[in-house]
Amino acid sequence: MRVVIADQSHSKYAEIICQTIDEAALVRGTGIAKRKPEYIITKLENGNAVIALDGDKFAGFCYIEAWSHGKFVANSGLIVHPDYRGIGLAKKIKKVVFEHSRTKFPNAKIFSITTGLAVMKLNSELGYKPVTFSELIEDQSFWNGCQTCKNYDVLQRTQQKMCLCIGMLYDPNKKSQDIKVKDKVFQRLKRIKETIFLKKDKK
(Lines give C-alpha, C1' and ligand atoms only; values in the text may rest on other atoms or scores of the structure.)
Protein backbone atom coordinates (compact mmCIF):
# COMPACT_ATOMS: atom_id res chain seq x y z
CA MET A 1 0.00 0.00 0.00
CA ARG A 2 1.39 3.37 -1.06
CA VAL A 3 0.19 6.78 0.13
CA VAL A 4 1.74 9.37 -2.18
CA ILE A 5 1.48 13.00 -3.25
CA ALA A 6 -0.70 12.94 -6.34
CA ASP A 7 0.31 14.23 -9.77
CA GLN A 8 -1.02 14.30 -13.34
CA SER A 9 -0.54 10.55 -13.78
CA HIS A 10 -3.28 9.93 -11.21
CA SER A 11 -5.98 11.81 -13.15
CA LYS A 12 -7.41 8.47 -14.34
CA TYR A 13 -8.70 7.87 -10.81
CA ALA A 14 -10.91 10.99 -10.72
CA GLU A 15 -14.11 9.12 -11.65
CA ILE A 16 -13.76 6.43 -8.99
CA ILE A 17 -12.82 9.04 -6.36
CA CYS A 18 -16.05 10.96 -7.04
CA GLN A 19 -18.06 7.74 -7.11
CA THR A 20 -16.62 6.63 -3.76
CA ILE A 21 -17.40 10.01 -2.18
CA ASP A 22 -21.00 9.92 -3.48
CA GLU A 23 -21.58 6.36 -2.23
CA ALA A 24 -20.17 7.20 1.20
CA ALA A 25 -22.57 10.14 1.49
CA LEU A 26 -25.53 7.84 0.82
CA VAL A 27 -24.40 5.23 3.33
CA ARG A 28 -23.64 7.71 6.12
CA GLY A 29 -26.78 9.73 5.60
CA THR A 30 -24.79 12.82 6.59
CA GLY A 31 -23.42 15.77 4.71
CA ILE A 32 -20.53 15.24 2.31
CA ALA A 33 -20.03 17.88 -0.36
CA LYS A 34 -19.98 16.32 -3.83
CA ARG A 35 -17.20 17.06 -6.28
CA LYS A 36 -17.01 16.64 -10.04
CA PRO A 37 -14.17 14.71 -11.76
CA GLU A 38 -12.89 17.91 -13.37
CA TYR A 39 -12.45 19.48 -9.95
CA ILE A 40 -10.62 16.43 -8.60
CA ILE A 41 -8.35 16.33 -11.66
CA THR A 42 -7.25 19.91 -10.97
CA LYS A 43 -6.20 18.92 -7.46
CA LEU A 44 -4.32 15.86 -8.73
CA GLU A 45 -2.48 17.76 -11.45
CA ASN A 46 -1.48 20.61 -9.11
CA GLY A 47 -0.02 18.28 -6.51
CA ASN A 48 -2.68 19.38 -4.03
CA ALA A 49 -3.88 15.89 -3.19
CA VAL A 50 -2.81 12.63 -1.63
CA ILE A 51 -3.81 9.26 -3.05
CA ALA A 52 -3.51 5.74 -1.64
CA LEU A 53 -2.91 2.89 -4.07
CA ASP A 54 -2.76 -0.87 -3.71
CA GLY A 55 -0.68 -1.58 -6.77
CA ASP A 56 -2.76 0.17 -9.43
CA LYS A 57 -6.02 -0.13 -7.49
CA PHE A 58 -7.54 2.97 -5.89
CA ALA A 59 -7.70 2.77 -2.10
CA GLY A 60 -8.10 6.29 -0.69
CA PHE A 61 -7.84 10.02 -1.27
CA CYS A 62 -7.76 13.50 0.27
CA TYR A 63 -7.09 16.94 -1.21
CA ILE A 64 -5.83 20.37 -0.17
CA GLU A 65 -7.71 23.60 -0.75
CA ALA A 66 -6.09 26.98 -0.07
CA TRP A 67 -8.19 30.02 0.81
CA SER A 68 -7.70 33.72 1.59
CA HIS A 69 -4.41 33.86 -0.34
CA GLY A 70 -2.96 30.89 1.53
CA LYS A 71 -3.83 32.10 5.03
CA PHE A 72 -6.21 29.16 5.49
CA VAL A 73 -5.92 25.60 4.20
CA ALA A 74 -8.49 22.81 4.29
CA ASN A 75 -7.85 19.08 3.98
CA SER A 76 -11.05 17.91 2.32
CA GLY A 77 -12.66 14.94 0.64
CA LEU A 78 -11.00 12.32 2.85
CA ILE A 79 -12.30 9.00 1.59
CA VAL A 80 -11.30 5.34 1.76
CA HIS A 81 -12.62 2.75 -0.68
CA PRO A 82 -14.90 0.17 1.04
CA ASP A 83 -12.41 -2.62 0.24
CA TYR A 84 -9.76 -0.93 2.40
CA ARG A 85 -11.70 0.31 5.41
CA GLY A 86 -10.90 -0.79 8.93
CA ILE A 87 -7.13 -1.11 8.43
CA GLY A 88 -6.05 2.38 9.53
CA LEU A 89 -5.67 3.76 6.01
CA ALA A 90 -7.65 6.95 6.69
CA LYS A 91 -5.23 7.81 9.48
CA LYS A 92 -2.23 7.34 7.16
CA ILE A 93 -3.80 9.49 4.45
CA LYS A 94 -4.73 12.20 6.95
CA LYS A 95 -1.18 12.37 8.32
CA VAL A 96 0.39 12.57 4.87
CA VAL A 97 -1.96 15.29 3.60
CA PHE A 98 -1.54 17.23 6.85
CA GLU A 99 2.26 17.23 6.59
CA HIS A 100 2.04 18.05 2.89
CA SER A 101 -0.19 21.02 3.74
CA ARG A 102 2.27 22.28 6.33
CA THR A 103 5.12 21.98 3.82
CA LYS A 104 3.31 23.84 1.01
CA PHE A 105 1.65 26.39 3.29
CA PRO A 106 3.85 26.63 6.43
CA ASN A 107 2.13 29.71 7.86
CA ALA A 108 -1.45 28.73 7.07
CA LYS A 109 -4.10 27.79 9.59
CA ILE A 110 -5.42 24.34 8.68
CA PHE A 111 -9.11 23.83 9.27
CA SER A 112 -11.77 21.17 8.91
CA ILE A 113 -15.54 20.92 9.14
CA THR A 114 -16.96 17.42 9.49
CA THR A 115 -19.74 15.32 10.98
CA GLY A 116 -17.54 12.22 11.10
CA LEU A 117 -16.39 11.19 14.59
CA ALA A 118 -13.43 9.26 13.14
CA VAL A 119 -12.20 12.37 11.29
CA MET A 120 -12.64 14.49 14.41
CA LYS A 121 -10.49 12.04 16.35
CA LEU A 122 -7.78 12.08 13.66
CA ASN A 123 -7.82 15.87 13.60
CA SER A 124 -7.49 16.02 17.38
CA GLU A 125 -4.47 13.70 17.30
CA LEU A 126 -2.80 16.05 14.78
CA GLY A 127 -3.37 19.08 17.00
CA TYR A 128 -6.65 20.52 15.73
CA LYS A 129 -8.99 22.11 18.27
CA PRO A 130 -12.80 22.47 18.07
CA VAL A 131 -13.73 26.07 17.23
CA THR A 132 -16.79 28.11 16.33
CA PHE A 133 -17.46 28.81 12.67
CA SER A 134 -16.64 32.48 13.31
CA GLU A 135 -13.00 31.46 13.84
CA LEU A 136 -12.85 29.80 10.45
CA ILE A 137 -12.51 31.23 6.97
CA GLU A 138 -14.82 34.07 5.89
CA ASP A 139 -14.30 33.46 2.16
CA GLN A 140 -17.82 32.99 0.76
CA SER A 141 -16.60 30.75 -2.05
CA PHE A 142 -15.67 28.13 0.55
CA TRP A 143 -19.15 28.07 2.08
CA ASN A 144 -20.69 27.99 -1.40
CA GLY A 145 -18.98 24.63 -1.78
CA CYS A 146 -21.36 23.26 0.88
CA GLN A 147 -24.37 23.68 -1.42
CA THR A 148 -24.29 20.04 -2.49
CA CYS A 149 -24.46 18.90 1.14
CA LYS A 150 -27.86 17.62 2.30
CA ASN A 151 -27.60 19.83 5.42
CA TYR A 152 -26.96 23.08 3.52
CA ASP A 153 -30.33 24.47 4.62
CA VAL A 154 -29.12 24.35 8.24
CA LEU A 155 -26.07 26.44 7.33
CA GLN A 156 -28.33 28.97 5.60
CA ARG A 157 -30.77 29.19 8.51
CA THR A 158 -27.97 30.08 10.92
CA GLN A 159 -26.35 32.66 8.62
CA GLN A 160 -23.30 30.34 8.35
CA LYS A 161 -22.63 30.55 12.07
CA MET A 162 -23.15 26.83 12.69
CA CYS A 163 -24.31 23.56 11.15
CA LEU A 164 -24.27 19.83 11.90
CA CYS A 165 -20.56 19.86 11.10
CA ILE A 166 -18.06 20.61 13.85
CA GLY A 167 -15.35 23.13 13.00
CA MET A 168 -11.74 22.28 13.90
CA LEU A 169 -8.60 24.38 13.51
CA TYR A 170 -4.82 23.84 13.63
CA ASP A 171 -2.94 27.09 14.20
CA PRO A 172 0.83 26.76 13.58
CA ASN A 173 1.42 29.92 15.62
CA LYS A 174 0.05 28.40 18.81
CA LYS A 175 2.30 26.10 20.83
CA SER A 176 -0.37 24.26 22.81
CA GLN A 177 -1.13 21.76 20.06
CA ASP A 178 -0.66 18.64 22.22
CA ILE A 179 -3.94 18.72 24.16
CA LYS A 180 -6.16 15.96 22.78
CA VAL A 181 -9.93 16.17 22.92
CA LYS A 182 -11.61 12.94 24.05
CA ASP A 183 -14.00 11.01 21.82
CA LYS A 184 -16.86 11.53 24.28
CA VAL A 185 -16.60 15.30 23.81
CA PHE A 186 -17.06 14.97 20.04
CA GLN A 187 -19.94 12.54 20.48
CA ARG A 188 -21.67 14.95 22.84
CA LEU A 189 -21.16 17.91 20.49
CA LYS A 190 -22.56 15.91 17.59
CA ARG A 191 -25.62 14.76 19.57
CA ILE A 192 -26.37 18.30 20.73
CA LYS A 193 -26.23 19.68 17.17
CA GLU A 194 -28.38 16.88 15.78
CA THR A 195 -30.95 17.39 18.52
CA ILE A 196 -31.17 21.13 17.88
CA PHE A 197 -31.16 21.19 14.09
CA LEU A 198 -32.90 17.94 13.18
CA LYS A 199 -35.81 18.75 15.47
CA LYS A 200 -36.16 22.08 13.69
CA ASP A 201 -36.19 20.24 10.37
CA LYS A 202 -39.15 18.12 11.48
CA LYS A 203 -41.32 21.10 12.41
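Which residues are buried in helix α2 (residues 37–45)? In this predicted model, the buried positions of α2 are Pro37, Ile40, Lys43 and Leu44. Seen down the helix axis, these buried residues fall within an arc of 120°, so they line one face of α2. Such an arrangement can be set against the geometry of the α-helix, in which residues three or four places apart point the same way because there are 3.6 residues a turn. Just after α2, Gly47 adopts a positive phi of about 70°.

The largest nonpolar core comprises 25 residues, and the members that touch the most others are Leu89, Ile93 and Tyr128. At least two residues of this core are supplied by each of the strands β2 (49–54), β3 (57–67), β4 (72–80) and β7 (166–170), and likewise by each of the helices α3 (89–104) and α4 (117–126). When neighbours within four places in sequence are left aside, Tyr128 is in contact with Asn75, Lys94, Phe98, Ile110, Phe111, Ser112, Asn123, Met168, Leu169 and Tyr170. Another core, of 19 residues, lies apart from the largest one and includes Val131, Phe133, Cys165 and Leu169. In soluble globular proteins, nonpolar side chains tend to be buried together.

With regard to the cysteines, the structure holds 0 disulfides. Cys163 is in no disulfide, the nearest cysteine sulfur being that of Cys165, at 5.7 Å, whereas a disulfide would require the two sulfur atoms to lie within 2.5 Å. Cys163 is buried, with a relative accessible area of 7%, and Cys146 is likewise buried, with a relative accessible area of 13%; both values count as buried because they are under 20%.

Terms used
Residues numbered from 1 in each chain as written. Predicted model: local features only at pLDDT ≥ 70, side-chain atom pairs only at ≥ 80, totals over all residues. Heavy atoms only, no water. Buried < 20%, exposed > 50% of the residue type's maximum accessible area, 1.4 Å probe, protein only. Core = buried A, V, L, I, M, F, W, Y, C linked by side-chain atoms within 4.5 Å. Helix = DSSP H or I, 4+ residues; strand = E, 2+ residues; numbered from the N terminus. Contact = heavy atoms within 4.5 Å. Arc of directions from axis to C-beta.
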